[in-house]
Amino acid sequence: MLAQAGHLVHGVDLSRWMLAVAKEKAAAAGVEVDFRVGDAADPPCGPGSYDVVLVRHVL
């Protein structure tokens, strides 16, 4: 969604399977997203690396 709006996007999930599903969806939408294995509660990035952190569908 954000990549389609022209933003640089990194996706994070603990599940490699979910990342594979997300990669397929991004490819189908024609957008580029950098997907990474990691915990949304402690994302694999340095402090201050991003302007916005958006979390969706987290249980």
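**Close-up views of the predicted model**

**Figure 1. Confidence across the predicted model.** The protein, shown here as a predicted model, has a mean pLDDT of 89, and 97% of its residues reach 70 or more.

**Figure 2. The largest pocket and its centre.** The space within the largest pocket amounts to about 1,500 Å³. Its lining consists of 38 residues. Those that lie nearest the centre of the pocket are Val9, His10, Gly11, Val12 and Leu54.

**Figure 3. Elements and residue classes in the lining of the largest pocket.** At least two lining residues come from each of strand 1 (10-13), helix 1 (16-29) and strand 2 (34-37). Helix 1 gives the most, with 7 residues. Sorted by class, the lining comprises 26 nonpolar residues, together with 6 polar and 6 charged ones.

**Figure 4. The salt bridge between aspartate 34 and arginine 36.** Side chains of opposite charge can pair when their charged atoms come close. The structure holds 1 salt bridge. In this pair, formed by aspartate 34 and arginine 36, the closest N and O atoms are 2.9 Å apart.

**Figure 5. Accessibility of the two salt-bridge partners.** Aspartate 34 has a relative accessibility of 32% and therefore counts as partly exposed. Arginine 36, with which aspartate 34 forms the salt bridge, is likewise classed as partly exposed because its relative accessibility is 28%.

Note on methods. Residues are numbered from 1 along each chain as its sequence is written. This is a predicted model: local features need pLDDT of at least 70, side-chain atom pairs count only at pLDDT 80 or more; totals for chains, interfaces and linings use all residues. Side-chain values use heavy atoms; hydrogens and water are left out. On a 1 Å grid over the protein atoms alone, a cavity is a set of points where a 1.4 Å probe fits but cannot get out, and a pocket is an open set with protein on both sides within 12 Å along at least five of seven lines; lining residues have an atom within 4 Å of a point. Grid points are joined across faces, edges and corners, and a volume is the space filled by probe spheres set on the points. Helices (H or I, at least four residues) and strands (E, at least two) are DSSP runs, numbered from the N terminus. Ala, Val, Leu, Ile, Met, Phe, Trp, Tyr, Cys and Pro count as nonpolar, Asp, Glu, Lys and Arg as charged, and the others, Gly among them, as polar. pLDDT is the predictor's confidence in each residue, from 0 to 100. A salt bridge is a side-chain nitrogen of Lys or Arg within 4 Å of a carboxyl oxygen of Asp or Glu. Buried means under 20% relative accessible area, exposed over 50%, partly exposed in between (1.4 Å probe, protein chains only).
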